[in-house]
Amino acid sequence: MAVSLVGTEGSAMARRSNREISRRDLLESGVRIAIGALLAARLPAAEPAATALPLITKAIPASGEKIPAIGIGTDSFRDDVREEIRAELGRMSELGGSVIDTAAAYGDSEALIGDALASLGTRDKMFIATKLVAGTSAGGVAGADSFERSLQRLKTAHVDLLQVHNLNGVAALLPTMQEWKKAGKIRYIGVTTSRGSQHAEMLETMRHDPLDFIQVDYSIANRDAASAILPLAQERRIAVLVNLPFGRSSLFRQAAERKLPDWAAEIDVTSWAQYFLKYVISHPAVTCAIPGSTKVSHLEDNQGAGRGRLPDAAMRRRMEEYWDNKA
């Protein structure tokens, strides 16, 4: 089976409910034997193997700038894991990752990222994407108060990508965002969704508004975006960030008692997390996946999917067929 080698250049938006099972929850569950085998397969490789394979980067169509294909989602960042977050973002930079996706609505996330990057001295190495809360500031500019607060919390004069969160207030916000872009406060403009019910609205926005990025939910178990959104993104040359590549961690529960196929090694996959992520980023329209994590071990595992070989079309079909066959 042929695979392609990518060159070296270069969450859910709703909070996790108590019913959702994360990788940490899996470790604490009653199925320790099955999960232990799964997690053993996900242990990160020791240095220097962690960076031995080529880094996978994808081009932003609007500019040609290349960014790493695996970033990090931060909707679970909270002050009680401050030190873990700092360690995670430091390790991410060491491994070649740079894309950090956050939002004004993510509680402590922006402030924790700002503090961590300031202490690490790595702000200039990172590609920061945040999201705007719709509203009107005292001066009458839609979203201005939210954006100013984001800049202050992130300890930066600009962000790389500013997105309209869940398409909320998109018509009012996009003209203002264009002005901020001209002023150098933002480099790219985007809109996001994490719900299939908003896909039709996303398509309309993509057709009628000038966008550099979209963000959409997509995974091997949730391929709805591949029917229309991803093809339109290719047609209109819009970069794509993917949220929910693990389906709010439900994919790990489903994979707990399944064997990773031996042929996964053909695409440099050593864990289920890497299987899920390489499937997502191998879609030609996808620019970067942003799996969430608050543990360095999970970060290292996820970043492992951003190196080595990517599945070609035939391998993607093989991955789908294997996953769909639950027998």
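This is a predicted model: local features need pLDDT of at least 70, side-chain atom pairs count only at pLDDT 80 or more; totals for chains, interfaces and linings use all residues.

Q: How do you know what span is expected of H4, at 1.5 Å a residue?
A: The expected span is 1.5 Å times one less than the number of residues. H4 (residues 109–120) has 12 residues, for which 16 Å is expected, and the helix reaches 16 Å from its first C-alpha to its last; the span is therefore close to expectation. Just after H4, Gly121 takes a positive phi of about 70°.

Q: Why are S5 and S6 said to pair?
A: Pairing requires at least two bridges between two strands. S5 and S6 have three bridges, in the parallel sense, and therefore qualify as a pair. Ile100 has Ile128 in S6 as its bridge partner. The chain passes from S5 through H4 to S6 in a right-handed β-α-β crossover.

Q: Why is this crossover called right-handed?
A: The term applies because, with the strands pointing away from the viewer, the path from S5 over H4 to S6 runs clockwise.

Q: What makes S6 a mostly covered strand?
A: Six of its six residues are buried, that is, under 20% relative accessible area. S6 also pairs with strand S7 (159–164) in the parallel sense over four bridges, and Thr130 has Leu162 in S7 as its bridge partner.

Q: Which strands are the edge strands, and why?
A: The open sheet has eight strands in the order S4-S5-S6-S7-S8-S9-S10-S11, with parallel pairing. Strand S4 (72–73) and strand S11 (288–289) are called edge strands because each pairs on one side only.

Q: How do you know that strand S8 (residues 186–192) and strand S9 (residues 213–217) pair?
A: They share three bridges in the parallel sense, whereas the criterion asks for at least two. The bridge partner of Val191 is Ile214 in S9.

Q: What is the angle between helix H6 (residues 170–182) and S8, and how is the angle defined?
A: H6 lies across S6, S7 and S8 and runs at about 165° to S8. Such angles run from 0 to 180 degrees between N-to-C directions.

Key:
Residues are numbered from 1 along each chain as its sequence is written. Side-chain values use heavy atoms; hydrogens and water are left out. Helices (H or I, at least four residues) and strands (E, at least two) are DSSP runs, numbered from the N terminus. Contact means heavy atoms within 4.5 Å. Buried means under 20% relative accessible area, exposed over 50%, partly exposed in between (1.4 Å probe, protein chains only).
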